[in-house]
Amino acid sequence: MLRLSAPWLLPIAGPAIADGAVLLDEAGRIVAVGPNGSVPRTEQMEQHDLLGAALLPGFVNTHTHLELTGFAGLVEDEDFWSWIKHLIALKATRSDDAFFAAAEQGIRDCWRGGVTTICDTGSTGQVIAALASVGGSGVAHHEVFGPDPDDCGPAMIRFGADLERLGRFATGRVQLGVSPHAPYTVSGPLYRAAAELARAQGLPIAVHVAEPPAESALLADFSGTFADSWRARGIARPTASPISPIAWLEEHGVLSPGTLCIHVINVSDADADLMRRHDCAVAHCPRSNRRHHQLGAPMQRYLDRGLRIGLGTDSVVSVAPLDLLAEARAAQRLTGWNASSALRALTLGGAEALGLEPEIGSLEVGKWGDLTAIRLPAGGDPEAGVLASSLADVSATWLAGRAVHLAGEPRQP
C-alpha cells in the first residue's frame, strides 16, 4: 500500500484539506482520503510526506499529438494551410521507430507536467503502442483522411485494417478511438462511414472542427484556401447550400455523447445548441487557438449550455513545451474562472469530457490513484498557488500508485 500526505490535499470533488493524506491499495486504487489523522498508517506500508506541496489528482490532457514530439520550432509558418503542408512534409521524413520514440518521450513529458491521462489524435498508430508499452493511461484516436467522396471506400478499407491492427494495444487503461480528421480533409460520406464504424465497435470519436476560418468558408460558399485546394484537385463543393462545420457533422451522424470536439472556435449559438443536444464534449486548447488563428473559442456559449469541457495542449509544433497549467491560466482569461474552476477543468472536467469520470479526475475512494504533487510558495491560497505554478514546480506524479515522475525523492516523515 502507498500512503501520501501533504500540507494541502485538493480532492477537486470537495474542499481543500489542510494537512491531508490519501491511501492507495496494492492495485493502485484510492481506499482512504481525508485529514492526515484520519487516514490509516502502518509501518509496513510505503509512506511519503510531501513537505511544502499540494497533492491533487493527475491532470487530464484532452488533446495532444504526441507522435510530433521533437518537432518543436521546426514549423513556423503563420498561414495555417502552409503550416499544415510543411508539417506533412516534415512527418514524411520520420520513421515508424522514430515516431514511437517520440510518442514515448511525449508521454514522459506529460508525466513530468503532472498529466496522468492523455487523449491523443494521430495518424501513425505509434502513440497507442507507446502508451501500452509504458503502462500509460489514455485514449489514442486514429485519424482517417479523404476529402474526395470517391475515395471513401478505399479509405475505409485501409482504416478498418488499421483499427484491427491497433486494437491489440487497447489493454489495461489504454483505449483506441476514431478520428475523422477535419471538415477540410474528410468528405461527408467518409464522416458518416467512420462514425458508423466507431458506433459499431463502441469506440469514441475525436474530431477537429470549427477551427480555422477557411474551414467555415469551405462549407459556406466554397471559398478560401481549403476550397482552392479542393478545386485544384478536382474535388467538388461538399454541399450545395451554406452550412456550418458543426451542422455538417450532425448531418453526417458524427455528433454524439462519445464525440470530442477539438478547438471549436467558429461556433454560433445554433451550433452550440446542436452540441448540447447531442451531449458532445469540448477539448479547449486556448494557446494553440491563439497561436494559429489569433482567436479564442466562445467559451461562454459552452458554459451557458453546461457542455463538458476539458483542456488540451495540442502539439509541441503548435505551442511548446506542453504545459497544461499554462493552458488553464489562458482559459481563465476567456472564462473568468476562479482558481477552483480552472483546476477542475484540468482534472475532473477533462475526465468528464472523455467519459472517464467514474475512474479518474478527483481524489475519491474507488478511483485510480493518479496524483501529482506541486510545490507551493509559503502562505496563500493553495489552489491559486497550484494554478500559478510552472512545470518546474511539479515535484512528483503517480499513475495508479506507480511513481512515473520524481523531481527529487519525496520527503519522508
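By class, 11 nonpolar, 6 polar and 2 charged residues make up the lining of the second largest pocket (Ala, Val, Leu, Ile, Met, Phe, Trp, Tyr, Cys and Pro count as nonpolar, Asp, Glu, Lys and Arg as charged, and the others, Gly among them, as polar). The model is predicted, with local features requiring pLDDT of at least 70 and side-chain atom pairs pLDDT 80 or more, whereas totals for chains, interfaces and linings use all residues. Residues are numbered from 1 along each chain as its sequence is written, and side-chain values use heavy atoms, without hydrogens and water.

The second largest pocket holds about 200 Å³ of space. Of its 19 lining residues, Pro 204, Ile 205, Pro 257, Gly 258 and Thr 259 lie nearest its centre. A pocket is an open set of points on a 1 Å grid over the protein atoms alone, where a 1.4 Å probe fits, with protein on both sides within 12 Å along at least five of seven lines; lining residues have an atom within 4 Å of a point. Strand 8, helix 5 (188–201) and strand 11 (259–263) each contribute at least two lining residues (helices, H or I of at least four residues, and strands, E of at least two, are DSSP runs numbered from the N terminus).

At the start of helix 5, a side-chain oxygen of Ser 187 lies within 3.2 Å of the backbone nitrogen of Leu 190. Just after helix 5, Gly 202 adopts a positive phi of about 65°.

Methods
Grid points are joined across faces, edges and corners, and a volume is the space filled by probe spheres set on the points. A polar contact is a pair of N or O atoms within 3.5 Å; within protein, one must be able to donate a hydrogen and the other to accept it, and residues adjacent in sequence count only if both atoms are side-chain atoms.
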